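Please read the following briefing alongside the sequence and the 3D view.

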Amino acid sequence: MLDIPRIHEALDRFIMSNPTEDYHVFIEKDDRQRPYLGLSGLGEKCLRKVWYQWRHAAKPVFPPRMLRLFRRGDREEFVMCWMLRGIGFEIFEVDEQGKQFSVRDFENHLKGNLDGVAKIPAEFWLSSHNPTPLLTEYKTVNDKGFQKFVKDGVEKTNPKYYGQMQGYCGYMGLKGAIFFAVNKNDDDLYIEFVPAKKNKFSALVDKAQAVIESQEPPERMSEIASNWECKYCDFHGICHKKEPAQKLCRTCKFASPSEGGSWICAKGREYGEVCKDYSDITKQ
């Protein structure tokens, strides 16, 4: 167990020392539609939504404001790493080969990239626990979301973030994660120690298998189209209004995942070229 108040105090002292802020920010281009099932999305409440994402049923389109928010969240990781190193944390963002820590399973159809791993000084651990490497996870949230974290913790407030951490911890063999959330309204900081739980990880792997192997849409989270979570889902039209999926081999009922992260066509055709036999898998 971590001594969270002591970490807060150390971070405050570091910032009060008026340190020189020096770090390099590099953010890769990201079109938000990956060729694999992202481990970070498996904590979603709706399994059908995860399946739609996996099958590329619709290409997400974000307004400039949202793209700026995504970039701000990416930049915050570099700021947090700088501050944590300032209080003695050893932060590892890449593996021994200089590549970002990543996990993969199901013939490379399931993948995920970690924010990093931290080796935390003994002074920040409670006496009954031995220091151990932890997953690091950084998020930026508005004030409403931040107050929920403070009140209820990450597991109840955001199952997606919680599931993401359980997945990474399980695959990496880590005993837990240290979660940081920055309040975008006033720069307040929330910190939580999240212990790894084998049953949560096992359930997440089962969920991934169900999504990858399913050749038909899973059950909806809600049959009510006006449900607020459904209403603002990227796949609302496809799911509740019978709109067609974007026409790709990946959204065809004859396409299925194969070895090494590849896909095959049950009709024996070349995968990647939509043909006359195309049949929308979302409409079964």
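A residue is called buried when its relative accessible area is under 20%, exposed when over 50% and partly exposed in between, computed with a 1.4 Å probe on protein chains only. The model is predicted, so local features need pLDDT of at least 70 and side-chain atom pairs count only at pLDDT 80 or more, while totals for chains, interfaces and linings use all residues. Residues are numbered from 1 along each chain as its sequence is written, and side-chain values use heavy atoms, with hydrogens and water left out.

**Helix 2**

- In helix 2, the buried residues are Arg48, Val50, Trp51, Tyr52, Trp54 and Arg55; helices (H or I, at least four residues) and strands (E, at least two) are DSSP runs numbered from the N terminus.
- These buried residues of helix 2 pack against strand 1 (37-38), helix 6, helix 8, strand 9 (255-257) and strand 10, where contact means heavy atoms within 4.5 Å.
- Just after helix 2, His56 takes a positive phi of about 60°.

**Nonpolar cores**

- A nonpolar core is a set of buried Ala, Val, Leu, Ile, Met, Phe, Trp, Tyr and Cys residues joined through side-chain atoms within 4.5 Å.
- The largest nonpolar core has 44 residues, and those with the most contacts inside it are Leu37, Leu42, Leu110, Leu135, Phe149, Val154 and Phe179.
- Among the elements that each supply at least two residues of this core are helix 2 (47-55), strand 6 (134-141), helix 4 (143-157) and strand 7 (176-183), while the largest share, six residues, comes from helix 6.
- Leaving aside neighbours within four places in sequence, Leu110 is in contact with residues including Leu37, Leu42, Tyr171, Ala208 and Ile212.
- A second, separate core of 27 residues includes Leu11, Leu84, Ile91 and Ile191.

**Helix packing**

- Helix 5 (residues 159-172) and helix 6 (residues 198-213) pack at an angle of about 100°, with their axes 9 Å apart; axes are lines fitted to C-alpha atoms, for helices over the stretch in contact, and angles run from 0 to 180 degrees between N-to-C directions.
- That angle makes helix 5 roughly perpendicular to helix 6, since angles of 65 to 115 degrees count as roughly perpendicular, those under 35 as roughly parallel, those over 145 as roughly antiparallel and the rest as oblique.
- In this contact, Tyr162, Gly163, Gln166, Gly167, Gly170 and Tyr171 of helix 5 meet Lys200, Phe201, Leu204 and Val205 of helix 6.
- Helix 4 and helix 5 pack at an angle of about 55°, with their axes 8 Å apart, which makes helix 4 oblique to helix 5.
- Here Phe149, Val154, Glu155, Lys156 and Thr157 in helix 4 meet Pro159, Tyr161, Tyr162 and Met165 in helix 5.

**Aromatic rings**

- The structure holds 17 aromatic pairs, in which rings of Phe, Tyr and Trp (its six-membered ring) have centres within 6.5 Å, with planes under 30 degrees apart counted as stacked, over 60 as edge-to-face and the rest as tilted.
- Trp54 and Trp263 form a tilted pair, 5.1 Å centre to centre with 35° between the planes; because Trp54 lies in helix 2 and Trp263 in strand 10 (residues 263-265), the pair ties together parts that are 209 residues apart in sequence.
- Trp263 and Tyr271 form a stacked pair, 5.9 Å centre to centre with 15° between the planes; Trp263 is buried, with a relative accessible area of 10%, whereas Tyr271 is partly exposed, at 28%.
- Ring pairs also link Phe146, Phe149, Tyr161, Phe179 and Tyr190 into a cluster.
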